[in-house]
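I opened the model and kept notes as I went. The entries follow in the order of my look-ups.

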Amino acid sequence: MAIKKEILDELLKDKDPKTMFSSDGLLGELKKALAERVLNAEMDHHLADSTQDEVSEGDKSGNHRNGYSKKTVLTENEAIELAIPRDRRGSFEPQLIAKYQRRFPGFDDKIISMYARGMSVREIQGHLRELYGIEASPQLISTVTDAVLEEVSRWQSRPLDPSYALVFFDALRVKMRDEGTVRNKAVYLAIGVSPEGRKDVLGIWIEQTEGAKFWLRVMTEIKNRGVNDILIAIIDGLKGFPEAINSVFPETQIQTCIVHLIRNSLDFCSWKDRKPVAKELKTIYRAADAEAAAAALKEFDEGPWGQQFAAITALWRRHWAHVIPFFAYPQEVRKMIYTTNSIESLNAKLRRSVRIRGHFPNDEAALKLIWLQLREITQKWKMPPREWSAAKAQFAVVFGDRFEVNR
């Protein structure tokens, strides 16, 4: 609704333009006046309702206004002092600013937004003080951000789809304070791709070490949340992970992430040798089929690079059973299933926020930040991967009735 020009002229009369947008300027006055107007309207409504109740009960004394009490409320941009109306019976409960509420609607969202961008509690406190003149204690900021943990808990236990065509697993390393020292911990993420091509983050798990017991717990949790089948699980060679997956989902096809395998291979090389070795390895994973790939691996092993870096050939042969599944698919589908690029891209964005923070005081602080970042990133996940149309036809042939697209 457009505000009439006459009203604006009256509001701007004798006002200093330099202070128009400051906390004690026109906008601050308007916010205070509107809030108090709403509170008084709520009181009028409350008194009207209570009068009807009293008449019906035969009470002639009636309820009425009983002055005001002062209350300082934190808004998105400032702290304002409001006059809260009182009634004689003390039964008035305002809805705009609840009885024990000290923060105006929207203030918590501003704090959470700053926290999601990697700012620490002390940095948020300083930011609010310098830009808005708001004095918010570290305890208040922690209380606001801790409320996110309830949402995280509900999200982590939400029901999942009954089946996923692909699930990508990967780890993000973060620094956390543990018993007085800063240690590296792994934050594990899982991204599922439904038969319709819809991406979704299935969960976040924080653990000190990777192991079969931990992964078995993760897979059991996923199954208990409603997942009955995973067609292909793309992993990065985590110890004990393939066995844990197949113990819960025995029909799931395990695919080693080729990108991770290449990275691990190049760790055996000096910097000057990495480029030519990577070029030679390309002949293996770009082979036409599994037989051609095996022949390329043998040729690499017998060639100069294989003789110089025997550990690379040994690494590929150890993972060979989980390297070759993607050779059953055409090139456009291979690009999607042989690498954890989807989750690697997600982790790259998360790492930027983690790097800003340096380290976290505990697991909960890391979980809050990562979940808030995920919530912002996944809102942009609207369309299936480019290759999904071609992939669906292939999956339908290979997996038959296990691949069911919801219409």
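What covers the buried residues of helix 9? I started there, with a predicted model in which local features need pLDDT of at least 70, side-chain atom pairs count only at pLDDT 80 or more, and totals for chains, interfaces and linings use all residues. Residues are numbered from 1 along each chain as its sequence is written, and side-chain values use heavy atoms, without hydrogens and water.

**Helix 9.** The cover includes helix 8 (258–266), helix 10 (290–302), helix 11 (304–308), helix 12 (310–318), helix 13 (320–323) and helix 14 (331–337). Contact here means heavy atoms within 4.5 Å. I listed the buried residues of helix 9 as Asp273, Val277, Leu281, Ile284 and Tyr285. Buried means under 20% relative accessible area, exposed over 50%, and partly exposed in between (1.4 Å probe, protein chains only). Helix 9 runs over residues 271–285 and spans 22 Å from first to last C-alpha, close to the expected 21 Å. That expected span is 1.5 Å times one less than the number of residues.

**Whole chain.** I noted 17 helices and seven strands. Both are DSSP runs, numbered from the N terminus: helices are H or I with at least four residues, strands E with at least two. Of 407 residues, 44% count as buried.

I traced an open sheet of five strands in the order 5-4-3-6-7, with mixed pairing. Its edge strands are strand 5 (199–207) and strand 7 (253–256). Two strands pair if DSSP finds at least two bridges between them. Strand 3 (163–178) and strand 4 (181–193) run antiparallel and share 13 bridges. I picked out Leu172, whose bridge partner in strand 4 is Val187.

**Salt bridges.** I counted 11, taking a side-chain nitrogen of Lys or Arg within 4 Å of a carboxyl oxygen of Asp or Glu. Asp200 and Arg158 meet at 3.1 Å, N to O. This pair links strand 5 to the loop between helix 5 (138–156) and strand 3, 42 residues apart. Asp200 is partly exposed at 26% relative accessible area, whereas Arg158 is buried at 18%.

Next I checked Arg225 and Glu221, which form a salt bridge at 3.5 Å, N to O. Arg225 is buried at 8%; Glu221 is partly exposed at 21%.

Arg317 and Asp301 pair with their closest N and O atoms 3.4 Å apart. Arg317 is in helix 12 and Asp301 in helix 10, so this pair ties together parts 16 residues apart in sequence.
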